[in-house]
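Subject: Two-chain model, handover and notes

Hello,

Here is the structure you are taking over. My notes follow below it.

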Amino acid sequence: MIPAVRVLCSALVLSALALSGCSHSSAPAALNVVEAPGPNVAEGHLRRQIDQAPRTLDPGLSVEVPAQRVIDDLFEGLVRLDPAGQLIPALASRWEISADQLQWTFHLRPDARWSDDSPITAHDVVFGWRRVVDPATASQAAQMLAPVRNALQIAGGKLPPDQLGVQALDAHTLVVHLVAPTGWFAYQLTNNSLFPVPEHVVRQHGAGWVKPGVMVSNGAFVLKEARINGAIQLVRNTRYRDAASVKLQRVTYYPVGDRAAAVSRYLAGDVDVTDGFPIEDIELLSQQLGSQLKLAPYLGTFMFGMNQTRPPFNSAALRMALTLAVDRDVLTSKLLHGLYLPAYTLVPAYGGYEPPLPEWVKWTAEQRHARARQLYAQAGYSAANPLQVELSYPTSGPDTRRVLEALAAMWQVNLGAEVRLANEEWRVHQQNRRLSVHALFFNAWIGDYPDPQTFLDLYRVGSPQNHGKYSNANYERLIALGSNTGDAQQRTQAWQQAESQLNADAAFIPVYYYQSRHLIRPWVQGWQGNITDRHPSRDLWLSTQVSQ
Amino acid sequence: MLSFIGKRLLVAIPTLLVIITLAFALLHAAPGGPFDSDKVLVPEIRAAIEARYHLDEPVPMQYLRYLGGVVRGDFGPSFQYQDSSVNDLIAQGLPIDLTIGLLAMGLALLIGVPLGVVAALRRNTVWDRAASAIALLGISVPTYVTAPLLVLLFAVSLRWLPAGDWGEGALRNLVLPVVALSLPYVAYIARLLRASLLDVLHTPWVRTARAKGMPWRTVLLRHALRPALLPLVAFLGPATVGVITGSIAIETVFGLPGIGRFFVDGAFNRDYTVVMGVTILYGVLIVLANLLADVVQALLDPRMRP
């Protein structure tokens, strides 16, 4: 949406909220805040807003969040995440890992059936995976299968798809051969692209197999109706292997791209769950809606990259000076109203991993600024000869722009550096970043699975995401160690040491860790914040008995 | 008349060819491609995907391949909406835009014409001023302001109507988008008709008709309104296309699955085929609407017949 429109919409929603607050000063929660559940609640019909129309409903092609939301309801993989984000068995009831950790054997539930009542077999998994890496499918998700033997060679057209390291020993036994011990592989299986697809339906209907009326799926829900950019309606799948535990009868997804419009839809009572709200509304919404506003740590980091192969950022002292001069607490508490959390490392902390904090985290702001100025001078800059550099960022909402302006101001005040904001259209920015055109640039990463490796890979030599061309032999060694060891403790240690190396080299400037944010009506039950921000509808239910 | 229509359609072919060529060249000249995303693809996979969509071929070759498809009526696959072809997207979105657009235009005529007539007949009275004020407001306030305001009032505060969604074309879902979309057109139509009717009311033939004692109602309906409608008809051709294609803000605010959003998202996502398909569609619609307007004008005014 045009930014001006977005701003205006937000302003209008805000002003309405503000007005309603003023006119009912005795009852601040006057506007649609607490109310009786609508008829959809008694019908077991959950209405969810998503940020944009899913680009596909085909698990093998899915690479973005809106598609993932819907596909998580329609399909189920070998394993899944429970409401708290923990791995639990799903289509596979159990699995074994070989001593060298290169071979995984999955035992599928023999009673699992597709929604057309045909049995789900290991062949459907093999077919699905081969299809994802087959260049003829042109799936952007192909690299998700990278841990599986030969996946990248097949995707690059160098080997035929039947050479993929996955085989069906019999109808219900699946064997996977990996390139290296991959501790997080079980998490990788929760990625949509590793879900089984019904071979008999895909072969018969080709690309049209995902259309309503044709699609056959194995999740808690089946597709009833879908319009691109319009509502997507799902109904309960009576043949789902665990149908007895599914409480909802229907789920409808409404793609609403504009977050202010999404809030309007929520306030109008048209949806029960939103996938976000404008940052600038957070104070007002939390005042008005109280506990309906849900924040939870999310596996994502907002940072800046620097091109380390050429001046000025080939100077580690300068990189560290810029890192130290950022007042993250001020940024997250004052400007972002606590919506995001200050970041000092690449990987956010989550259950099972504690990132190593750099020493300067404990310093006072004055100490930090003093050290930053010292390093800035060491790099050859001064008031007479200030650092002059462009910060390149893609066109985005007003939220990002405000954050960037604040950061530029911090560098100006704390160091005297002149950082100019340079806006680029989204695809242009992506292209320039890929070609390492920028000196200082916007960078953000959302982890694919809860393991530090999904972040640490970004700074490996040869990684397509290593836009700043960071290179350090010790880092490479630690990552190789972590990737190839089967010992979980040793791996975590290697990851932590690798992170410390990144911090010591000031390989990037961490700014904040993301949090997921939703508006959720009180009658929606079973919702738990989790690090991957995945909330399949099978774990949710609606209750008319709402505690307000 | 038929040969006139035939000739006009023939002239449309080179026009469309120019549109296609320009749009194609502009799109491919824009930096960044459809598969440049924040998650960078491994080069081998990127190459495989580009080959799949023939993006690895030289641009002139891609252009010829695209033209060949268009001649066969095939606008190609969408890069963004991977489950659909561009033909699918248009087939799904066009009826929605047509419904909203034509209803909005109908509503605009229903309100705008009487408003314009009243303003012209009661010139410089309070009626005229009120009609002009309404028209001015309709023209000056853009739909991306009126639409959220209508949502706030009728959906969020009063809860009478839904705040968005197509709802399979249910009347309650249509009301707000249609009203929001029609408001500026009400204003244009009213102002246009007022001006042209005032011109006609001062012509000698109207004076003559009045002098011969013809009843005022007959003078107005038979002699004045018909020629006064001519500028309006000329306006309605492109305006109808505008109302069908120009509802992007409305589609966004109300979350309607029309073509306008495919077009805008397509441009941002370098979804070449979608942008091309919609451009061609809009081009064809404009050609047809202008032709229709000319035909109707000719029917209203014998002097304009070819």
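How many residues of chain B are in contact with chain A, and with how many residues of chain A? In this predicted model, 46 residues of chain B contact 49 residues of chain A (contact: C-beta atoms, placed from the backbone, within 7 Å).

Conventions: residues are numbered from 1 along each chain as its sequence is written, while chains are lettered from A and ligands numbered from 1 in the order in which they are written. As the model is predicted, local features need pLDDT of at least 70 and side-chain atom pairs count only at pLDDT 80 or more, whereas totals for chains, interfaces and linings use all residues.

Confidence

The model scores ipTM 0.85 and pTM 0.89. Chain B has an average pLDDT of 88, with 99% of its residues scoring at least 70 (pLDDT is the predictor's confidence in each residue, from 0 to 100). Among the elements of chain B, the lowest mean pLDDT, 85, belongs to helix H9 (residues 216-245), and the highest, 94, to helix H3 (residues 59-71). Helices (H or I, at least four residues) and strands (E, at least two) are DSSP runs, numbered from the N terminus.

Interface, chain B side

Two or more residues each on the side of chain B that touches chain A come from helices H2 (43-52), H4 (86-121), H6 (143-157), H10 (248-254) and H11 (259-268) of chain B. H6(B) gives the most, 8 residues. By class, this side has 27 nonpolar, 10 polar and 9 charged residues (Ala, Val, Leu, Ile, Met, Phe, Trp, Tyr, Cys and Pro count as nonpolar, Asp, Glu, Lys and Arg as charged, and the others, Gly among them, as polar).

Helix packing in chain B

The axes of H1(B) (residues 2-29) and H12(B) (residues 272-300) come within 10 Å and cross at roughly 155°. Axes are lines fitted to C-alpha atoms, for helices over the stretch in contact, and angles run from 0 to 180 degrees between N-to-C directions. H1(B) and H12(B) are therefore roughly antiparallel (under 35 degrees is roughly parallel, over 145 roughly antiparallel, 65 to 115 roughly perpendicular, the rest oblique). The residues of this contact divide into 15 nonpolar, 3 polar and 1 charged. Among them are B:Ile5, B:Arg8 and B:Leu27 of H1(B), and B:Tyr272, B:Gly283 and B:Leu291 of H12(B).

H4(B) also packs on H12(B), at an angle of about 50° with the axes 9 Å apart, which makes H4(B) oblique to H12(B). B:Val86, B:Leu89 and B:Ile90 of H4(B) make the contact with B:Thr273, B:Val274, B:Gly277 and B:Leu281 of H12(B). These residues comprise 5 nonpolar, 2 polar and no charged.

Strands in chain A

Strand E11(A) (residues 293-306) runs antiparallel to E16(A) (residues 508-519), joined by 10 bridges; A:Leu295 has A:Arg517 as its bridge partner. E11(A) is also antiparallel to E15(A) (residues 440-446), through 7 bridges, with A:Met306 partnered by A:Leu440. Strands pair if DSSP finds at least two bridges between them.

Chain A also has an open sheet of 4 strands, ordered E1-E10-E9-E8, with mixed pairing. E1(A) (45-50) and E8(A) (221-226) stand at its edges with a single partner strand each, so one side of each lacks a neighbour in the sheet. The twist averages 20° from one strand to the next. E8(A) is joined to E9(A) (residues 232-236) by 5 bridges and the two run antiparallel; A:Ala226 stands opposite A:Ile232.

Regards

Definitions and conventions: Two residues are in contact if their C-beta atoms, placed from the backbone, lie within 7 Å.
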